[in-house]
Amino acid sequence: MTAALEWSFWACVGGVTYAYVLYPAVIYALSRIIGQEPRCEAIDERDLPRLSLLIAAHNEEDVIEARIRNALALDYPRDRFEIVIASDGSSDQTANIVRRFDGQVRLLDYRSRRGKSATLNAAMREVTGEIVMLSDANTSIDPSAARRLARWFVDPDIGAVCGRLVIVDPQHGANVDGVYWKYETFLKRCENRLGALLGSNGAIYAIRRELFEPIPDNTIVDDFVIPLRARLRSDCRLIYDVDAVGIEEAAPHLKDEFRRRVRIGAGGFQAIGLLWPLLSPRFGWTAFAFLSHKVFRWLCPLLLLVALGTSMLLAEGNALYLALLAAQILFYATPALTPLLPGSPGFLRPVRLAAMFVGMNLALLLGLVRWLRGAQQGIWQRTQRASYAAARS
């Protein structure tokens, strides 16, 4: 029994270490040894495809005008470009504000609220572009981003292209990409070099309309599921373009960010059921990245719980496991300790990183519980924040 408990403890510790430390090292090495940066040839303006910018919106009266003006400023041929706002049962002035731009913007005014995924399913049947660029109401897109995304689709093997999202401080506009965001961007760049990009960011990505497959109306992480279902369906390539930039404000309160992470956690477990065929070896590096970067990561809260439980059982009469148990308890207490810490001394950074790690995995665990209970629905609760463009005006 003791041997089985010890094996379980170290297997769980190994699984967490692999997900967060070893996999990044492995994917970096592979990307440099056998990977290659995707390259896009120059394209004549006459060859740019017809593009639809689609934005799903619910009660976005505070930001929608600034978002439309930002979209109108995109550098793309007007004879091949349309802006479509799909209002998901908005009960405020969102639809009326969009109507002020009649002739420049198409409004799809869905009166009953069904959730973002159902709204996208309906709207995709009405847009006219060969390529559909999806974005959020609170995102500000660089004027060159549409052209940068669209140029990749000259290659018929490319099915979707993800842009780079920059998170800024709502008061100062400074780039506040934290360690975790830089970490995820690093992984995305490495996976991109191996042709193993996983999903997109809902703030800025584009997909061939013919490859879009309607997703279940209760899909939670639509921006992850939509491109990967296209990959499953057609074996197309997914590309990450760091020069196609979208900007969003950070959530104003930690509780809003935590709530978002719980939702994403529930969506991750849901996505395994929708995308499990991608784990087949025939998908090569994509299967490897999906298993290592996503599935292992989403299972980490369970691995941490098992490690804690087994160390409790092993601690009696064993100094090593007693010390390991004490270390885990102290580690898991860091979120409660960080509000008591002074300012931002550099030597306290590991404590703050530990608190972030614990908070992320707690959100994943709660997301798993919500998914198992069926409590997380496709209808989202918007975070109250301004668009970057509106904040600057």
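The model is predicted, so local features need pLDDT of at least 70 and side-chain atom pairs count only at pLDDT 80 or more, while totals for chains, interfaces and linings use all residues. Residues are numbered from 1 along each chain as its sequence is written, and side-chain values use heavy atoms, with hydrogens and water left out.

**Second largest pocket**

- The second largest pocket holds about 590 Å³ of space. On a 1 Å grid over the protein atoms alone, a pocket is an open set of points with protein on both sides within 12 Å along at least five of seven lines. Points are joined across faces, edges and corners, and a volume is the space filled by probe spheres set on them.
- Its lining has 24 residues, and Val16, Tyr20, Val21, Phe331 and Phe357 are the closest to the centre. A lining residue has an atom within 4 Å of a point.
- Helix 1 (2-33) is among the helices that each supply at least two lining residues, and its 7 residues are the largest share. Helices are DSSP runs (H or I, at least four residues) and strands are DSSP runs (E, at least two), numbered from the N terminus.

**Largest cavity**

- The search finds 1 cavity of 30 Å³ or more in the whole structure. In a cavity, a 1.4 Å probe fits but cannot get out.
- The largest cavity holds about 50 Å³ of space.
- Residues from strand 1 (51-57), helix 4 (116-124) and strand 4 (131-135) line this cavity, two or more from each.
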